Amino acid sequence: MDDSDEDQRLPHHREPKEFVSLDQLAELGVLSWRLDADNYETDEELKKIRTERGYSYTDFCEVCPEKLPNYEEKIKNFFEEHLHTDEEIRYCVAGSGYFDVRDRDERWIRVWVKKGGMIVLPAGIYHRFTLDTNNYIKAMRLFVGDPVWTPFNRPHDHLPARKEYVKSFVEKDGGNAINAAA
């Protein structure tokens, strides 16, 4: 994505536009699926993913000015670059938003998650979130075991989760419901 300070809810494409493939995102540990958001309660593919990956806890979060208490403060916090010590799993059942992740060269990649998109950010990856110009997302949050939401704002390179992420994905040679643009 570009380095503009314009409205964070805009696409922020570089000129000329550069797109990042799902395979390139997977090389950074970012996984994604396209699922049936209209039938998430009975979706066999979602059940399979939850079973295979051990996602035992779910809840929902609606992010918009009308539904999220302390909206302005929360959206500012979501857009602060941070990491988590566990995976961040989000399944968009309505609306849309952007997850920004860093590539191996510390450039931002903007990942647009829309209805039906499920994204998994690995533990230790620096990232941030913002709504797009529609100003609304309803996301299922999934966790292994009890939910942990603790963000560690950059820099937190000393954390074991960050060290493991760097070892597994950044230093490694190397080189769907999601559109990504650098």
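The largest pocket of this predicted model is lined by 18 residues, and those nearest its centre are Phe78, Glu88, Arg90, Arg141 and Trp149. The space in this pocket amounts to about 490 Å³.

**The largest pocket**
- At least two residues of the lining come from each of four elements: the strands β3 (57–63), β5 (88–102) and β9 (137–143), and the helix α3 (71–78).
- Sorted by class, the lining consists of 10 nonpolar residues, four polar residues and four charged residues.

**Helix α4**
- Helix α4 spans residues 160–170, and its buried residues are Ala161, Arg162, Tyr165 and Val166.
- The buried residues of α4 pack against the strand β4 (82–83).
- Pro160, Lys163 and Lys167 are exposed and are found on the other side of α4.

**The side chain of Arg104**
- Arg104 belongs to the loop that runs between β5 and β6 (108–114).
- A polar atom of the Arg104 side chain lies 3.1 Å from the backbone oxygen of Glu27.
- The side chain of Arg104 also reaches the backbone oxygen of Phe169, at a distance of 2.8 Å.

Notes. Residues numbered from 1 in each chain as written. Predicted model: local features only at pLDDT ≥ 70, side-chain atom pairs only at ≥ 80, totals over all residues. Heavy atoms only, no water. 1 Å grid on protein atoms, 1.4 Å probe; cavity = no way out; pocket = protein on both sides within 12 Å on 5 of 7 lines; lining within 4 Å. Points joined across faces, edges and corners; volume = space filled by probe spheres on them. Nonpolar A, V, L, I, M, F, W, Y, C, P; charged D, E, K, R; others polar. Buried < 20%, exposed > 50% of the residue type's maximum accessible area, 1.4 Å probe, protein only. Contact = heavy atoms within 4.5 Å. Polar contact = N/O pair within 3.5 Å; in protein donor to acceptor, adjacent residues only side chain to side chain.
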